[in-house]
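Please look at the sequence and the structure before reading on.

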Amino acid sequence: MAQNAEKWKPASDGRGTRTVLVVEDEQCIRDVLVELFDVDGASVTAASTLDQALGALQQRPFDFIVTDIRLGGKRDGGLQVMATAGLLAGDAPVVVLTAFPDDDNRHASVRLGATHFLEKPADLATIASLAAQYRIPTAIFPSP
């Protein structure tokens, strides 16, 4: 399921800053993920709803996306984020977080372009390591 990091091309913001979208409806998890990516060399956008995520994807390209599968009780909210990301940020690696790691979610995520599928609670070091593969700085690996 892993996308080839060597073929991945970063989105350009004109300053070399890597752009990250975090989509998570649970505030405590969203806050921790934002803190992970809130470092020099990265610009993080947080969304707590499907509408916010779709709006963010329409405004700018992203280099890296972390999304929950279920958003606000919607079983397919994260899948809709992935579908839109595939259209608007097709090269961006997508890390899926879920507390419901069933085969249906996994297969749907892969079909929609997810590069990594992690069960909650996901280890921050694992997420940071995945980000580092795509040269996305984090608080754990500030200069990948």
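## A buried ring

Phe64 has a relative accessible area of 0%, so this residue is buried; buried means under 20% relative accessible area, exposed over 50%, and partly exposed in between, with a 1.4 Å probe and protein chains only. The model is predicted, so local features need pLDDT of at least 70 and side-chain atom pairs count only at pLDDT 80 or more, while totals for chains, interfaces and linings use all residues. Residues are numbered from 1 along each chain as its sequence is written, and side-chain values use heavy atoms, with hydrogens and water left out.

## Aromatic pairs

A pair of aromatic rings is described by the distance of the centres and the angle of the planes. Rings of Phe, Tyr and Trp (its six-membered ring) pair if their centres lie within 6.5 Å; planes under 30 degrees apart count as stacked, over 60 as edge-to-face and the rest as tilted. The count under this rule is two aromatic pairs. Phe37 and Phe64 are tilted, because their ring centres are 5.9 Å apart and their planes stand at 50°. Phe37 belongs to helix α1 (residues 27-37) and Phe64 to strand β3 (residues 64-68), 27 residues apart.

Phe64 also forms a tilted pair with Tyr134, at 6.2 Å centre to centre and 45° between the planes. Tyr134 lies in the segment after α5 (124-133), so this pair ties strand β3 to a part 70 residues away in sequence. Tyr134 is buried because its relative accessibility is 0%. Together, Phe37, Phe64 and Tyr134 make one aromatic cluster.

## Nonpolar cores

A nonpolar core is a set of buried Ala, Val, Leu, Ile, Met, Phe, Trp, Tyr and Cys residues joined through side-chain atoms within 4.5 Å. The largest core has 22 residues, and those touching the most other members are Leu21, Val23, Leu57, Ile65, Val81, Met82 and Val96. At least two core residues come from each of β1 (18-23), α2 (50-59), α3 (77-88) and β4 (94-98). With five residues, α2 gives the most.

A second, separate core holds 16 residues, including Phe37, Val95, Leu118 and Leu130.

## Overall layout

The protein has five helices and five strands. Helices (H or I, at least four residues) and strands (E, at least two) are DSSP runs, numbered from the N terminus. Along the sequence the pattern is β-α-β-α-β-α-β-α-β-α. Of the 144 residues, 45% count as buried.
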